Amino acid sequence: MVLGNRAGHRAPRRSRREGAIDLLFLLPTLLILAGFLLYPLVYGIVLSVHDSRGFEPGRFVGLDHYARAILGDAVFHRSLLNTLLFTGVAVVLQTGLGLFLAVLVADVKRGRTSLQLVFFAPFVLASVAVGAVWKFLYAPFLGVVATVGSALGLETRTFAPLADADTALWAIMVAFLWRFSGFTMVVYLAAIRALPREYYEHAVLEGAGRLQQFRRVTWPLLWPQTFTLVLLTSLGTLRIFDMVWIMTAGGPAHATETVITNVYATAFRFLDVGYAQAMAMVLLVVILLITVVEYRILNRRAETVSS
Amino acid sequence: MTGRPRLRWSAVLLAVLAVGWSYPVAWTLINAIRSTADIYRAPWDVPWPPAVGNLGEAWDRAQLGVALGNSLYVTVLTVALVLALSVTGAYSLTRLRPPRRALLFTLVLAPLIIPMEVLIVPVFSMFRALGLINSLPGLALYNVVGTVSFATVIFTGYFRTIPQDVIDAARVDGAGRVDVLLRIVIPLARPGILAVAVVVAVLTWNDFGGSLVLIQEPDAFTVQLALSQFSTFYATDQGLTFAGMAIAIVPPLLLFVVLQRSFIQGLAAAAVRR
């Protein structure tokens, strides 16, 4: 790795004792992570293979919970499917919308800062507030969907997107995109503004239109950002809980159930703790798999771009 | 380079998008001073006379004063702990040598793909055994675990840009590690530290999942928990709920407007630096 080589040149040879003292500076972080991340991870595996007595492991049941979740639980299947669907769509739309906004804002001569502020501001608002506000925006009679729709002559006055199993997940998606696209935009915008002008000048000399410039210059050169953003977005949505919990609590009829809302309800409402943790562990495996696959695919592309 | 008509087309589109984007927040702030009856009857009118009483009543009913204090406490403690851990940790990581460093870096990095949500059940069980339920320092600890890896990774990137010669020169002059850290590394990395502090503060202030599980006593409620009460218990009084949301939305927005530059730049740099 680059990291290693550089230091190898620079650092003068140091004694073993020196290295040990340097390590000491990292020790508190490692201890905290060992105690509050590694230990819960191991304890979580233990919980998942036991029936629970309260929140302690009870009778050993082996992989029964996993078999029950993977083979026979329609709600778990639904929650996993929703999580994956939400992640896939959010990755595409949030990246696309963020890039679209960034390209538009990058061309603005005056007022770029204010635009950045407007699009990015929802990012700093809490999910509880965002969820509650959007719940109102979607509310029948008083919400914006109801009032604007009926002002346009549509039958939307009593329409409640969050209460309809066909639309609820996508209604949450819109709120989610509103909250996070500004972040994507900001990352892209910083990168676009750092791109060398010569590339565009060269493209223009070759007669490239704006669309061509985007395809030939902007998009390939922004690949490192796309790489990071795709990973970040999917890591964020695979664990999604709070916005869904606030807006629908997984309903109606599990239409918006995600794995974590399901885990939360199973553990803390139905007190089926071991089973809840087994589902959480399945999600963790899914997260690791997806991250590795994304990393592989995106990284290969990144290498072909840079060569 | 860009033709004039095209620029105008995109400017119009941007203006429309910007208005749409600000609408939810503007609507919340306006409805916060509208009576519940008017929210139904005249949702498009100017809220006059303003129902300022909403704000006071929301504040009292949800004990927002207590909740804001609790959130502030948890956030300050979390940021302080994360900075202390990650600055020293990153300093150590930039000084360690290859075989060991790669291993330790991976260890510190691993939590980035293990979300705390997946571990919430064992964490709850563990916190209960340790007596950390309803404990604000306990909640801070939970937030520290969730953010310390991110902070350490960012700082490792920052510290690597500091020339080793500068550090070596100081060491030759007899400065110890702590001196180097305090006098050279931290001052040079100040913009990065500020940006990470703001990001960690926002993440902690906004955390809902952790406090929902770990805090049960109303006296220990964070702002997010107090707010979530509105949509469950006061759902029929919309004016009040909007007032509560407005109170919760305004402080982070103001903080953001003030710190916008360092926040956005820090975040953008953080996301790109791999």
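How many residues lie between β1(A) and β2(A) in their hairpin? There are 2 residues between these strands, and Gly54(A) in the turn has a positive phi of about 65 degrees. Strands here are DSSP runs of E, at least two residues long, and helices are runs of H or I, at least four long, all numbered from the N terminus.

This is a predicted model, in which local features need pLDDT of at least 70, side-chain atom pairs count only at pLDDT 80 or more, and totals for chains, interfaces and linings use all residues. Residues are numbered from 1 along each chain as its sequence is written, while chains are lettered from A and ligands numbered from 1 in the order in which they are written.

Strand β1 covers residues 50–53 of chain A, and strand β2 covers residues 56–60. The two run antiparallel, joined by 3 bridges. Two strands pair if DSSP finds at least two bridges between them. His50(A) is bridged to Phe60(A) in β2(A). Ser52(A) has Pro57(A) as its bridge partner.

Now turn to chain B. Its secondary structure is 13 helices and 0 strands. Of its 274 residues, 46% are buried, meaning that 20 or more other C-beta atoms, placed from the backbone, lie within 10 Å of the residue's own. Take the contacts in chain B between residues at least 6 apart in sequence: 76% of them join residues at least 24 apart. Two residues are in contact if their C-beta atoms, placed from the backbone, lie within 7 Å.

Chain B has a mean pLDDT of 83, and 88% of its residues reach 70 or more. The complex gets an ipTM of 0.86 and a pTM of 0.88.

Next, see where the chains meet. The contact takes 82 residues from chain A and 78 from chain B. On the chain B side, helix α13 (residues 238–272) gives the largest share, 15 residues. That side has 52 nonpolar, 19 polar and 7 charged residues.

One helix pair shows the meeting in detail. The axes of α3(A), residues 27–48, and α4(B), residues 64–95, come within 8 Å and cross at roughly 120 degrees. The axes are lines fitted to C-alpha atoms over the stretch in contact, with angles from 0 to 180 degrees between N-to-C directions. α3(A) is therefore oblique to α4(B). Angles under 35 degrees count as roughly parallel, over 145 as roughly antiparallel, 65 to 115 as roughly perpendicular and the rest as oblique. Pro28(A), Thr29(A) and Ile32(A) meet Leu85(B), Ser86(B), Thr88(B) and Gly89(B).

Key. Ala, Val, Leu, Ile, Met, Phe, Trp, Tyr, Cys and Pro count as nonpolar, Asp, Glu, Lys and Arg as charged, and the others, Gly among them, as polar. pLDDT is the predictor's confidence in each residue, from 0 to 100. A residue is buried if 20 or more other C-beta atoms lie within 10 Å of its own, exposed if 12 or fewer, and partly exposed in between; C-beta atoms are placed from the backbone.
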